[in-house]
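Please keep the model open while reading.

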Amino acid sequence: MILHGAVGPYVHGLNEDQDPLLAEMYDHADEEKIPVVEPPTGRMLEVLCRVTRAHRAVEVGTAIGVSTLRLARGGAHVTSFEVDELRHEAAVGYLSRAGLADRVDLRLQGADEGLASLEPPFDLAFIDGPKQGYASHIEAAIALLRPGGLLVVDNVLMSGTVATGIPAGPWNRENIERGRLLNEQLVANKRLLAAITPIGDGLAIAARL
Ligand SMILES: C[S@@+](CC[C@H](N)C(=O)[O-])C[C@H]1O[C@@H](n2cnc3c(N)ncnc32)[C@H](O)[C@@H]1O
């Protein structure tokens, strides 16, 4: 949560869902310290899918499927990559219980290889995998998106550390430098029209030009 004072918890609370399955998934993530999208980010993913009428979405970093579920509920068919077998299996179970098994293609595969195996066009790409892989995953995603498609990238503000320059939590100096460079490259990218927003842990939302 990066918004200061009372604003962060207020926004967080308003965007929380009363959905029991999502609540169970968040409890699971908390217990096992698995990083997943914050509720405002999840809602925004669903909104973005709806407004763009995204049919085909691709995701890097399934974890246990919180964001995958949001994208699928937003109406997209989601291809999602994860390398951790236990997380992948948990996601398969949750998406099946959500009645969305036929809307997702959950692959136990590294994103570099996985993205290279896909055929364009995709309507939306969500990047939320390993931070050291962001630059190459974003490049691969841009190549898969149709003109007018959306690129969405999570954790671009890294708990605010990219602004303060002070390491905190999982974000060390190397992460901060990489994050700052990535944000500058996103807004300068001639193939994108990108906005860096303070949703969740910082969400970049970009139209593929
Ligand atoms: C931040 S979590 C994803 C959270 C998920 N998007 C959500 O909000 O529900 C990042 C995930 O990327 C996975 N990961 C790490 N390296 C990967 C790779 N090369 N390809 C795909 N996934 C990877 C990690 O195992 C981890 O579960």
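A nonpolar core is taken here as a set of buried Ala, Val, Leu, Ile, Met, Phe, Trp, Tyr and Cys residues joined through side-chain atoms within 4.5 Å. Buried means under 20% relative accessible area. The structure is a predicted model.

## Nonpolar cores

The largest nonpolar core has 34 residues, and the members that touch the most others are Met-25, Ile-64, Leu-124, Phe-126 and Val-152. Helices H2, H3 (39–52), H4 and H5 each give two or more residues to this core, as do strands E3 (104–108), E4 (122–127), E5 (145–154) and E7 (203–208). H2 supplies the largest share, 5 residues.

Apart from neighbours within four places in sequence, Phe-126 is in contact with Val-37, Leu-45, Val-58, Glu-59, Val-60, Ser-67, Leu-71, Val-152, Asp-154 and Leu-203.

How do H2 and H5 run relative to each other? The axes of H2 (residues 20–31) and H5 (residues 85–97) come within 11 Å and cross at roughly 165 degrees. Because angles over 145 degrees count as roughly antiparallel, H2 is roughly antiparallel to H5. Their crossing is right-handed. On the H2 side the contact is made by Leu-21, Glu-24, Met-25 and His-28, and on the H5 side by Ala-90, Tyr-94 and Arg-97. Sorted by class, this contact of H2 with H5 has 4 nonpolar, 1 polar and 2 charged residues. An α-helix has 3.6 residues a turn, so residues three or four places apart point the same way.

H2 also packs on H4 (residues 66–73), at an angle of about 155 degrees and with the axes 10 Å apart. H2 is therefore roughly antiparallel to H4 as well. Here Leu-21, Leu-22, Met-25 and Tyr-26 of H2 meet Val-66, Leu-69, Arg-70 and Arg-73 of H4. The contact of H2 with H4 has 6 nonpolar, no polar and 2 charged residues.

The buried residues are Val-66, Ser-67, Thr-68, Leu-69, Arg-70, Leu-71 and Ala-72. Two of them, Ser-67 and Leu-71, are contacts of Phe-126. Gly-75, which follows H4, has a positive phi near 110 degrees.

## H1 against H3

H1 (residues 7–15) and H3 pack with their axes 8 Å apart, at an angle of about 50 degrees. The two helices are therefore oblique to each other, and their crossing is left-handed.

Val-11, His-12 and Asn-15 of H1 meet Pro-39, Pro-40 and Arg-43 of H3. By class, the contact of H1 with H3 divides into 3 nonpolar, 2 polar and 1 charged.

## Glu-177

Is Glu-177 buried, partly exposed or exposed? Glu-177 lies in helix H9 (residues 173–188). Its relative accessibility is 49%, so Glu-177 counts as partly exposed. Gly-165 is 12 residues away along the chain, and the C-alpha atoms of Gly-165 and Glu-177 are separated by 8.5 Å.

How values were computed: Residues numbered from 1 in each chain as written. Predicted model: local features only at pLDDT ≥ 70, side-chain atom pairs only at ≥ 80, totals over all residues. Heavy atoms only, no water. Axes fitted to C-alpha atoms, helices over the stretch in contact; angles between N-to-C directions. Helix = DSSP H or I, 4+ residues; strand = E, 2+ residues; numbered from the N terminus. Parallel < 35°, antiparallel > 145°, perpendicular 65-115°, else oblique. Left-handed = near helix turned anticlockwise from the far one by under 90°. Contact = heavy atoms within 4.5 Å. Nonpolar A, V, L, I, M, F, W, Y, C, P; charged D, E, K, R; others polar. Buried < 20%, exposed > 50% of the residue type's maximum accessible area, 1.4 Å probe, protein only.
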